[in-house]
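Look over the sequence and the model, then read the points below.

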Amino acid sequence: MDDAAAQSEKRIRGLSVSYGIGIGNVAFYQDESRPIQRTKIRSNDVKSEIERFRRAVQESVAELSDLVAGKDADPGETINDIFSLQLLILEQSSFTANVEALITSEHLNSEWALKTVSDESILKQSAVTDPHLSEKRLDIEDVRDRLHSALKGVKNERSISYDGKVVFARELKPSAMLELSKNKPAAVITERGGWTSHASILARELRMPMVSGIRNLSNFASEGTEVIVDGDSGTIIIGAAGNTLETYSSRLKTSSYQEELPALPASSQTVDGHQIIIRANVDIPEAYEQARRFGAEGIGLFRSESLISRPGRIPSEDAQVKAYREIADVAGDAGVRIRTFDISIDRLNGNETQTEANPSLGLRSIRLSLDEQVHFRIQIRAILRAASDRKIDILLPMVSGVSEILQTKEVIKDEVSRLKSAGISIGEPRLGAMIEVPSGVLMANEIVRMVDFIALGTNDLVQYLLAVDRDNDSVAEWYQTLHPAVIRAISTVLSAGAAADKKVIICGEMAGSPFYAPVLIGLGARELSMNINSISQIRRLVSSITLVQTETLISKISLCETSDETESTLRSFYADHWSDIFPSGSIALNTANQIKN
């Protein structure tokens, strides 16, 4: 690369929230909302004004119901959940009642009453310290905007085209992301929004590359400036040199988000003959049908909380049995591992006032299940019943030691006895523990002896090990997947599994990343479970490398003392040994020009 051209490049590192490559001209997202006018209405017009507001509510409910049913955007189960929450705001909260009360008491027009109530709700929600809950303000804003559009008698659609553009926005609401997807932008960049923000979830579901945490893009790029968005590394490149642009254009053609891909290898086996089992993380049976076509061998992680359509709506035992049988039937002999409800207290009971200052460290996952055993026992019975004549395993989330396993075994023992006494046919599901907190790593040898298999959740492991909120873009720089402590923790768990001859399956985002997968394989991982969009890439990667090479790679990074050093070592190794898999430039990022922001 020409030195002058290289110096002109600006590389800004953000947070990768949706994989893929996007190349296009910058388009700054324009909010088309207009100022709301405050108008006083006459006393005898209050009734008709409330009726006008109610018609807007009915229209908005119909629109959201279509989105939930998949009539408008063909959304997946995750998208369904997002818009179900907005339906909940309209149908079952006090939100609309408060608007009507304000119209009645203050004789205000619907638009201003809606603005007043929504502003108060948004302010209250923004004050919540937990980012997962504070982000609900975007759903309130989305509902407000939809109602305003209905009151004006216009569709909730945008006139601006972003086709082929790299769209930059401070923050995006769910509906805005859906509208953008219809324009087919090349990529999305935002200032705010973590991995679990609704915009990020939608970007992944809609297969749009997206990077978050980029501050003040207008300081570096103007409207129309050509930008490269590397959603795999969380980097954006402004003023790319010719070689860089050529490299990324080549990567774009083989991106995991492109339709045309080379034929898949026959099996996920390394060049030197070692089988790597690739499984799928899914929420609905239909998703596994696609995963199986890509070569998935069973479901490594079924997120049972996906069955909870709305907070507090825990499915009945029979409903769960039906759902587990359906997912097990599509998985067949390859089997499914059902993770018990991985939720916090507010989602269990639907009571938003019963939240915690720091839910990530509070009553959640297996702790909540053991504390609220009525729901846990219902779920265990449902799994036992569904496992009759089907290959189903139980996976406990966020296990910190052997005590949770011992208590769970007592629950299972009790429910087995009850079901057998009632003459109900049951299966014998294996029991697994998900290790994602430091104490679980340190107790791995003891935990593995108590269970039939181990699952390692790398996303939360990095978060808890490094004390970094993975959804907070302001500390994205400290969320270091390649931190030596993370590498050692993964090695510790894999070694514990090998010593006890128990399987360990890696379930986090590392498993689905071509950049990290060789590290996991070199550390001893033989089972990887990932989201559907990653399966094809990882199968191709596995069939192009040798186990010996990955073990050599581990011997090199084991000497590294920082995350940056580890990353640099990986990039050099990939360029030297796997240049056909990782073309020059796609991994050898010019970090000298990287801007910290």
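C560 is buried, at a relative accessible area of 5%; buried means under 20%, exposed over 50% and partly exposed in between, with a 1.4 Å probe and protein chains only. This is a predicted model, in which local features need pLDDT of at least 70, side-chain atom pairs count only at pLDDT 80 or more, and totals for chains, interfaces and linings use all residues. Residues are numbered from 1 along each chain as its sequence is written, and side-chain values use heavy atoms, with hydrogens and water left out.

**Cysteines**
- C507 is also buried, with 7% relative accessibility.
- A disulfide is a pair of cysteine sulfur atoms within 2.5 Å. The count by this rule is zero disulfides.

**The barrel**
- Eight strands form a closed barrel in the order 9-10-11-12-13-14-15-16, with parallel pairing. Two strands pair if DSSP finds at least two bridges between them.
- Helices (H or I, at least four residues) and strands (E, at least two) are DSSP runs, numbered from the N terminus.
- Strands of a sheet pair through backbone hydrogen bonds, either parallel or antiparallel.
- Axes are lines fitted to C-alpha atoms, for helices over the stretch in contact, and angles run from 0 to 180 degrees between N-to-C directions.
- Strand 9 (residues 277–282) pairs with strand 16 (residues 527–530) in the parallel sense, over four bridges. Here R279 stands opposite S529 of strand 16.
- Helix 16 (residues 402–421) packs on the sheet and touches strand 12 (392–396) and strand 13 (431–435). The direction of helix 16 makes about 150 degrees with that of strand 13.
- Strand 14 (residues 453–456) and strand 15 (residues 503–506) run parallel, joined by four bridges. A455 has I505 in strand 15 as its bridge partner.
- Strand 15 pairs with strand 16 in the parallel sense over two bridges. I506 is bridged to L528 in strand 16.

**Around M398**
- M398 sits in the loop between strand 12 and helix 16. With 4% relative accessibility, M398 is buried.
- Contact means heavy atoms within 4.5 Å. Leaving aside neighbours within four places in sequence, M398 is in contact with residues including S365, E404, M434 and Y464.
- M398 and G457 are 59 residues apart along the chain, and their C-alpha atoms are separated by 8.8 Å.

**Helix 23 against helix 24**
- Helix 23 (residues 547–557) packs with helix 24 (residues 563–577) at an angle of about 150 degrees, and their axes are 10 Å apart.
- Q549, T552, L553, K556 and I557 of helix 23 meet T566, T569, L570, F573, Y574 and H577 of helix 24.
- The residues of this contact divide into five nonpolar, five polar and one charged. Ala, Val, Leu, Ile, Met, Phe, Trp, Tyr, Cys and Pro count as nonpolar, Asp, Glu, Lys and Arg as charged, and the others, Gly among them, as polar.

**Positive phi outside glycine**
- K184 is not a glycine, yet has a positive phi of about 55 degrees. K184 lies in the loop between helix 8 (174–183) and strand 5 (187–190). K184 is exposed, with a relative accessible area of 61%.
- S365 has a positive phi near 55 degrees and is a residue other than glycine. S365 lies in helix 14 (residues 365–371). S365 is buried, at 1% relative accessibility.
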